[in-house]
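Hi,

Here is the structure we talked about. Please have a look, then read my notes below.

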Amino acid sequence: MRVDRKVAQRTPPDEAELSVCVRAAQQGDETAFRTVYRDLQPRLLRYLRALVAEDAEDVASEAWLQIVRDLPSFRGEYDGFRGWATTIARNRALDHVRRRRRRPQAETTLDELTEVAGEHDTELSALGGLGTERALRLIMRLPRDQAEAVLLRVVIGLDAKTAGQVLGKRAGAVRTAAYRGLKKLAAEIE
């Protein structure tokens with residue numbers, strides 16, 4: 001099954017289009033996979049940044065390797081795929097945290113860092129990330145259960161049931177944690 005290139009390039013695709021793309025990606029359609037990746041990757045990175053900070057891109061890469069490997073066995077629509085992929089990413093993040101605790105990284109000196117050239121315009125990257133980084137910092141001040149519930153519901157866009165499956169909790173517990181977290185964030189912003 002091939003996905004029309006116009007569907008794959010339109011932004012943003014809706015849930016029905018993304019569900020078609022997931023099914024096509026399972027059949028090996030690279031354009032369809034690219035569409036699904038482009039929709040989900042930014043959300044996963046924001047979620048993973050809250051869990052593993054600067055290692056989010058590495059963890060996301062590990063997660064996508066597993067997602068691609070296991071994609072043919074996935075069954076469901078795009079919303080289910082989003083939850084499934086987020087569960088994989090969360091598990092990779094938890095594995096990463098456990099590994100770091102067992103093997104602490106050596107500290108890099110500031111002198112070593114100044115010799116490394118960046119690939120991107122640092123000023124533009126910093127300005128573009130200010131809003132996102134501030135929001136993530138505020139979310140990470142919340143208790144862990146509330147922070148993850150807010151991230152899964154708002155950043156990833158999962159419904160309470162799917163977020164509950166990712167966290168291993170009931171949908172009602174996720175709704176309550178997200179509500180409390182958002183209420184605390186609103187109070188802090190005001």
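This is a predicted model: local features need pLDDT of at least 70, side-chain atom pairs count only at pLDDT 80 or more; totals for chains, interfaces and linings use all residues.

Residues are numbered from 1 along each chain as its sequence is written, and side-chain values use heavy atoms, with hydrogens and water left out.

Confidence first. The protein chain averages a pLDDT (the predictor's confidence in each residue, from 0 to 100) of 83. At least 70 is reached by 79% of the residues. Helix α4 (residues 56-70) has the highest mean among the elements, 95. Helix α6 (residues 110-114) has the lowest, 49. Over residues 121-130 the pLDDT is below 50. That stretch has one contact (heavy atoms within 4.5 Å) beyond near neighbours in sequence.

Overall make-up next. The protein chain has 10 helices and zero strands (DSSP runs, H or I of at least four residues for helices, E of at least two for strands, numbered from the N terminus). Of its 190 residues, 39% count as buried, meaning under 20% relative accessible area with a 1.4 Å probe, protein chains only.

Now helix α2, residues 15-26. Its 12 residues reach 17 Å from first C-alpha to last. The expected value is 16 Å, at 1.5 Å a residue (1.5 Å times one less than the number of residues). Buried residues in α2 include L18, C21, V22 and A25. At its start, a side-chain oxygen of D14 comes to within 3.2 Å of the backbone nitrogen of A16. Just after α2, G28 takes a positive phi of about 100°.

Best wishes

Terms used
Buried means under 20% relative accessible area, exposed over 50%, partly exposed in between (1.4 Å probe, protein chains only). A polar contact is a pair of N or O atoms within 3.5 Å; within protein, one must be able to donate a hydrogen and the other to accept it, and residues adjacent in sequence count only if both atoms are side-chain atoms.
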